[in-house]
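Work through the exercises below with the model open. Try each task before reading its solution.

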Amino acid sequence: MATAPTRKTSQRNAIIDALRGLAIVLVVLHHTGLRFPLKQTVLADWLPTRLLNSLIYNGYEAVFVFFVISGFLITSISLDRWGSLNRINIKSFYGRRIARIVPCLLLLVITLSVLHLLNLKYYAIAREGQSLGGAIFSALGMHLNWYEGRTGYLPGGWDILWSLSIEETFYLALPIFCLFIRSRWLFISLLLLLALSLPLTHAAPEGDEIWQEKAYLPGMAAIATGVLTALIAQSASAHSAKRFKHHGKLLLIGSLGLLAVFCFEDILWKFLRDSTLLVLTIATACLLLGAHCRYLYQPDLQPIPGTRWLCIMGRQSYEIYLTHMFVVFGIVSTAAMIGTTKTIGFIWYLPAVALSWLLGATVEKWYSRPCDEYLRGQLVDSQSSMLPHTSITESDVK
């Protein structure tokens with residue numbers, strides 16, 4: 001029986017990179033759009049309101065796309081490294097997570113703390129019940145989402161860390177969970193139950209807008225969807241390459257699902273309510289599985305013309321995500337200083353994306369990548385750092 005071709009470790013999955021790039025662009029556009037709503041600009045006279053809203057009001061949904069992708073990538077790496085999840089080396093797993101996450105997180109927390117102490121606008125923590133110590137402890141203790149749910153929104157630079165709290169809590173528990181649940185079918189069943197619980201867990205805290213958006217379980221449900229997708233991809237890799245010729249159907253279904261949520265969420269919400277997010281996570285899973293199968297079927301596939309920049313942004317999405325609010329607030333301050341009217345507020349969108357990319361790329365090249373390489377050398381055995389069968393590298397994962 002013919003086997004699927006394996007990819008070289010130097011290759012990357014451009015479809016996944018582009019999907020992450022799209023997600024980070026939507027996040028940046030969202031935080032820019034909250035300050036410069038497109039419907040208040042002259043563009044509203046020429047373009048449909050639905051299109052304008054789709055560009056700037058999908059940041060929250062983009063984070064759930066990130067959740068699914070993260071679950072897929074980390075699980076894929078773990079499967080390639082150890083063969084199965086119940087063989088995970090806890091020390092190695094946590095060492096890699098620390099090396100990838102902690103340097104940028106510490107730099108951000110230190111920078112935000114200094115800006116708070118300088119009492120700068122957009123950075124000073126002034127809400128009743130909040131403090132700098134509380135923000136620092138919640139950011140480093142993986143419960144900033146809970147802290148905001150209890151005390152209210154933190155300044156924007158801190159607020160973005162709510163998603164990291166959910167993601168890292170999941171990965172703190174994952175290897176231990178895998179070691180104790182020895183039955184593959186029980187493990188998959190529990191993951192499936194968590195993944196499908198998204199509509200229920202997202203709807204649970206009625207009346208508490210912050211906690212409804214940032215609770216642990218909805219985000220973890222999206223991550224579980226990514227984990228399941230990676231397990232399906234592992235099974236698919238063992239089959240004949242001929243079966244992968246249908247990957248286009250998965251990519252089409254996933255693309256239509258994302259398009260439906262991004263552009264027609266208001267309509268879907270009337271019929272599906274919180275299940276709309278489930279449509280989003282399943283669509284993302286279809287895209288990831290289709291991307292995986294396409295590269296097995298055509299391992300030398302290049303990025304779609306015109307999307308290379310999106311792929312590069314996707315590779316640097318973690319750094320862009322953590323630093324883009326500095327750009328957004330800088331633009332807001334500049335616009336106020338020069339007296340930009342709301343009708344031409346759209347002019348700040350392109351600079352916001354470009355400068356966020358530049359800042360994130362700079363941090364990635366000169367700080368996070370060197371720190372990652374150094375810490376992995378200190379915390380992880382060099383013999384266990386090989387990825388023999390996959391094009392996914394450690395820097396692919398937030």
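**Exercise 1. The core**

Which residues have the most contacts inside the largest nonpolar core, and how many residues does this core have?

*Solution.* Note that the model is predicted. Step one: size the core. The largest nonpolar core has 109 residues. Trp-158 and Leu-161 have the most contacts inside it. Step three: ask which element supplies the largest share. That is helix H3 (residues 59–82), with 14 residues. Step four: list the partners of Trp-158, leaving aside neighbours within four places in sequence. They include Val-109, Leu-112, Tyr-123, Ile-125 and Leu-132. Ala-135, Ile-136, Ala-139 and Leu-144 are also among them. Ser-113 is in contact with Trp-158 too.

**Exercise 2. The overall fold**

*Solution.* Step one: count the elements. The protein chain has 17 helices and 0 strands. Step two: check burial. Of its 398 residues, 54% are buried. Step three: look at contacts between residues at least 6 apart in sequence. In 80% of these, the residues joined are at least 24 apart. Step four: take the surface.

**Exercise 3. A nonpolar patch**

Which residues make the nonpolar surface patch of about 520 Å²?

*Solution.* Step one: name the members. Leu-106, Ile-110, Val-114, Leu-118, Leu-120 and Leu-140 make the patch. Step two: assign the largest share. Helix H4 (residues 90–117) gives 3 residues. Step three: take one member in detail. Val-114 sits in helix H4. Its relative accessibility is 43%, so Val-114 counts as partly exposed.

**Exercise 4. The buried side of H15**

Which residues of helix H15 (residues 308–315) are buried, and why do they lie on the same side?

*Solution.* Step one: pick out the buried residues. In H15 these are Leu-310, Cys-311, Met-313 and Gly-314. Step two: look down the axis. They cover an arc of only 160 degrees, so they lie on the same side of H15. Step three: recall helix geometry. With 3.6 residues a turn in an α-helix, residues three or four places apart point the same way. Step four: find what the buried residues of H15 pack against. The partners are helix H1 (14–33), helix H16 (317–338) and helix H17 (349–379).

**Exercise 5. Salt bridges around Asp-17**

What are the closest N to O separations in the salt bridges that Asp-17 forms with Arg-12 and Arg-315?

*Solution.* Side chains of opposite charge can pair when their charged atoms come close. Step two: read the separations. For Arg-12 and Asp-17, the closest N and O atoms are 2.9 Å apart. For Arg-315 and Asp-17, they are 3.3 Å apart. Arg-315 is in helix H15 and Asp-17 is in helix H1, 298 residues apart, so the pair links distant parts of the chain. Step four: compare with the burial cut-offs. Buried means under 20% relative accessible area. At 3%, Asp-17 is therefore buried. Arg-12, at 22%, is partly exposed. Arg-315, at 31%, is partly exposed as well.

**Exercise 6. A buried pair**

Are Lys-214 and Glu-148 buried or exposed?

*Solution.* The side chains of Lys-214 and Glu-148 meet in a salt bridge, at 2.8 Å from N to O. Lys-214 is in helix H11 (residues 209–214) and Glu-148 is in helix H6 (residues 144–151), 66 residues apart. Step three: read the areas. Lys-214 has a relative accessible area of 3%, so Lys-214 is buried. Glu-148 has 0% and is also buried. Step four: return to shared partners. Salt bridges join Arg-12, Asp-17, Arg-20 and Arg-315 into one network.

Methods:
Residues are numbered from 1 along each chain as its sequence is written. This is a predicted model: local features need pLDDT of at least 70, side-chain atom pairs count only at pLDDT 80 or more; totals for chains, interfaces and linings use all residues. Side-chain values use heavy atoms; hydrogens and water are left out. Helices (H or I, at least four residues) and strands (E, at least two) are DSSP runs, numbered from the N terminus. Buried means under 20% relative accessible area, exposed over 50%, partly exposed in between (1.4 Å probe, protein chains only). Contact means heavy atoms within 4.5 Å. Patches are made of residues with over 30% relative accessible area and no salt bridge: like charges are joined within 9 Å, nonpolar side chains (Val, Leu, Ile, Met, Phe, Trp, Tyr) within 5 Å. Accessible areas come from the Shrake-Rupley method with a 1.4 Å probe; for residues, only the protein chains shown count as cover. A salt bridge is a side-chain nitrogen of Lys or Arg within 4 Å of a carboxyl oxygen of Asp or Glu. The arc is that of the directions from the helix axis to the C-beta atoms. A nonpolar core is a set of buried Ala, Val, Leu, Ile, Met, Phe, Trp, Tyr and Cys residues joined through side-chain atoms within 4.5 Å.
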